[in-house]
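The following exercises are to be worked through in order. Please study the sequence and the structure before reading each solution.

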Amino acid sequence: MKFSLKSSLKNGLAVTALALLLPACVTINIYFPAAAAEKAADKLIDDIWQLKNSEKANSGEPAPDNPAK
Amino acid sequence: MKKILFGLLVIAGLLSNQLALAAADLELNTPAISALKGSMQQRHGQLAGFYASGAVGLTRDGLIAVKEASAVALKDRQSLNSLVASENNDRNALYKEIAIANGHAEWEAEIRSTFAQRWVQKAQSGWWYQDANGWAKR
């Protein structure tokens, strides 16, 4: 009785420790999201250098001075 | 045995959570980032001519530098220097703020190097940038 309780406690502890430690490692070594960062950089650079002004007008609300309408 | 299996499941769940977070877009909508963006946007009107004349170039570390001071009249050089300094302050702050906004202050260096590449990629032809061999022209 004592033995099985001990071993199941040990098992439980080991699993808990693993469950806590592994994600912690992942969090610390989480890879840098290179693609997302590139996208973010492009978006900010387009805004700062005012590139792609026409695309903004096309993708947003229709341009107020749209000759087609 | 069941407990171990359950533990593994929990671990797998936590791992996939982390991956999902990492795959999402970076957070850019913070007051600090918007303010920096606005100030850089405004300054760009003054800097654009200097990029085109080669007075200022893009550096490898995501900043800008005076490349050819002689392209600028002597009397304007001091204001050019302060323009470059202000721009670099904003750029440094921008990289830091993006890292912080995404909960990973340690990403600052990688964000900086990502920007360094993208600034150059998006530069107009005729603008100067720094690479491993020194200054080059787009």
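**Exercise 1.** In chain A, where is confidence lowest and where is it highest?

*Solution.* The model is predicted; local features need pLDDT of at least 70, side-chain atom pairs count only at pLDDT 80 or more, and totals for chains, interfaces and linings use all residues. Residues are numbered from 1 along each chain as its sequence is written, while chains are lettered from A and ligands numbered from 1 in the order in which they are written.

Step 1. pLDDT is the predictor's confidence in each residue, from 0 to 100. Helices (H or I, at least four residues) and strands (E, at least two) are DSSP runs, numbered from the N terminus.

Step 2. In chain A, the lowest mean, 49, belongs to α3(A), and the highest, 97, to α2(A).

Step 3. Chain A as a whole has a mean pLDDT of 73, with 58% of its residues at 70 or more.

Step 4. Over residues 56-64 of chain A, pLDDT stays under 50, and the model has 1 contact beyond four places in sequence for them. Two residues are in contact if their C-beta atoms, placed from the backbone, lie within 7 Å. Where pLDDT is low, the predicted coordinates should not be read in detail.

**Exercise 2.** Describe the side of chain A that touches chain B.

*Solution.* Step 1. Contacts link 29 residues of chain A with 27 residues of chain B.

Step 2. On the chain A side, the elements giving two or more residues are α1 (2-28) and α2. The most comes from α2(A), with 13 residues.

Step 3. By class, this side of chain A has 20 nonpolar, 4 polar and 5 charged residues. Here Ala, Val, Leu, Ile, Met, Phe, Trp, Tyr, Cys and Pro count as nonpolar, Asp, Glu, Lys and Arg as charged, and the others, Gly among them, as polar.

**Exercise 3.** Is B:Glu108 partly exposed or buried, and why?

*Solution.* Step 1. Locate the residue: B:Glu108 is in helix α4 (residues 108-122) of chain B.

Step 2. Apply the cut-offs: a residue is buried if 20 or more other C-beta atoms, placed from the backbone, lie within 10 Å of its own, exposed if 12 or fewer, and partly exposed in between. B:Glu108 is partly exposed because it has 16 C-beta neighbours inside 10 Å.

Step 3. Leaving aside residues up to four places away in sequence, B:Glu108 touches B:Tyr95, B:Lys96 and B:Ala99.
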